[in-house]
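Visitor: I would like to learn how to read a few features of a protein model. Please take them one at a time.

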Amino acid sequence: MARLQFSVVAACAVLLSLAASSLAGDADMLQDVCVADLASPIKLNGFPCKVDITADDFFFAGLKRAGNTNNAAGSNVTAANVQSFPGVNTLGVSMARIDYAPGGQNPPHTHPRATEIIFVLEGVLEVGFITTANKLFTKTVTVGDVFAFPRGLVHFQQNRGRGPASVIAGFNSQLQGTQVIATTLFAAAPPVPSDVLAKAFRIDNGQVDAIKAKFM
């Protein structure tokens, strides 16, 4: 329990470090609070403010427990962003818990609206990001370590340990956005034409179709 408490406190400190105005990914707030009204039919950049708010709007208990990693990637992301935690609307911050089965990965992906920083709760992970100059920066991290992924760059985490792994992630956006590279290209709706992908990856259309079938 003490270890968990330390981990959560450290993760919160990491998250707060992202909340400085100089690093904020979202627009500055114009009032004390603006709890998101997720049921509002009004569409705007962000979410309109709810009229009646309580302390529960600023509370989220979803990061306490490990997520279900029984899937093809062997990982699970539990998000604490404005869609599940409406009190962070306009605050420019959000969090997530990521759990990994042995051999599991958080596949190569990007966050177009936020820098990400992770704090390792358990296990051993290989993490890395790739710059626009196609240079890979990678590191093996373990319990208590912190690693940052710059906004918009392709990055990944791979469990290299024999047991499960987990991290707490902080973002300088209330809704960071996530594009998983393989899913974006091979499972888009409507689909990206196979000849486009075949030329990009220098393979034939049949190979592209076979990859697409794995994502259906």
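Visitor: Is histidine 111 buried or exposed?

Guide: Keep in mind that this is a predicted model. Buried means a relative accessible area under 20%. Histidine 111 has 4%, so histidine 111 is buried.

Visitor: Where is histidine 111 found?

Guide: Histidine 111 is in the loop between S3 and strand S4 (116–122).

Visitor: Leaving aside its neighbours within four places in sequence, which residues is histidine 111 in contact with?

Guide: Among them are Glu116, Arg151, His155 and Phe171. Two polar contacts between side chains also involve this residue: histidine 111 with histidine 109 at 3.4 Å, and glutamate 116 with histidine 111 at 3.0 Å.

Visitor: What about glutamate 116: buried or exposed?

Guide: The same cut-off of under 20% applies. With a relative accessibility of 1%, glutamate 116 is buried. Its place is in strand S4. Beyond the neighbours within four places in sequence, glutamate 116 touches residues including His109, His111, His155, Phe147 and Phe149.

Visitor: Which feature does UniProt place at His109, His111, Glu116 and His155?

Guide: The unreviewed UniProt entry gives "binding site" for these four positions. They span 47 residues in sequence, but no two of their C-alpha atoms are more than 11.7 Å apart, so they gather at one spot.

Visitor: How far apart in space are asparagine 106 and alanine 73?

Guide: Their C-alpha atoms are 6.8 Å apart, while 33 residues separate them in sequence. Asparagine 106 is found in strand S3 (residues 105–110). With a relative accessible area of 8%, asparagine 106 is buried. Leaving aside neighbours within four places in sequence, asparagine 106 is in contact with Ser75, Val77, Ile98, Tyr100, Phe156 and Gln157.

Visitor: What describes two packed helices?

Guide: Two packed helices are described by the angle between their axes and the distance between the axes. Here, the axes of helix H3 (residues 194–201) and helix H4 (residues 205–214) come within 8 Å and cross at roughly 105°. Angles of 65 to 115 degrees count as roughly perpendicular. H3 and H4 are therefore roughly perpendicular to each other.

Visitor: Which residues in H3 meet which residues in H4?

Guide: From H3 come Ser194, Asp195, Leu197 and Ala198, and these meet Asn205, Val208, Asp209 and Lys212 in H4. By class, this contact has three nonpolar, two polar and three charged residues.

Technical notes
Residues are numbered from 1 along each chain as its sequence is written. This is a predicted model: local features need pLDDT of at least 70, side-chain atom pairs count only at pLDDT 80 or more; totals for chains, interfaces and linings use all residues. Side-chain values use heavy atoms; hydrogens and water are left out. Helices (H or I, at least four residues) and strands (E, at least two) are DSSP runs, numbered from the N terminus. Buried means under 20% relative accessible area, exposed over 50%, partly exposed in between (1.4 Å probe, protein chains only). Contact means heavy atoms within 4.5 Å. Axes are lines fitted to C-alpha atoms, for helices over the stretch in contact, and angles run from 0 to 180 degrees between N-to-C directions. Angles under 35 degrees count as roughly parallel, over 145 as roughly antiparallel, 65 to 115 as roughly perpendicular and the rest as oblique. Ala, Val, Leu, Ile, Met, Phe, Trp, Tyr, Cys and Pro count as nonpolar, Asp, Glu, Lys and Arg as charged, and the others, Gly among them, as polar. UniProt positions are given in the numbering used here, feature names are shortened, and annotations may be inferred rather than shown by experiment. A polar contact is a pair of N or O atoms within 3.5 Å; within protein, one must be able to donate a hydrogen and the other to accept it, and residues adjacent in sequence count only if both atoms are side-chain atoms.
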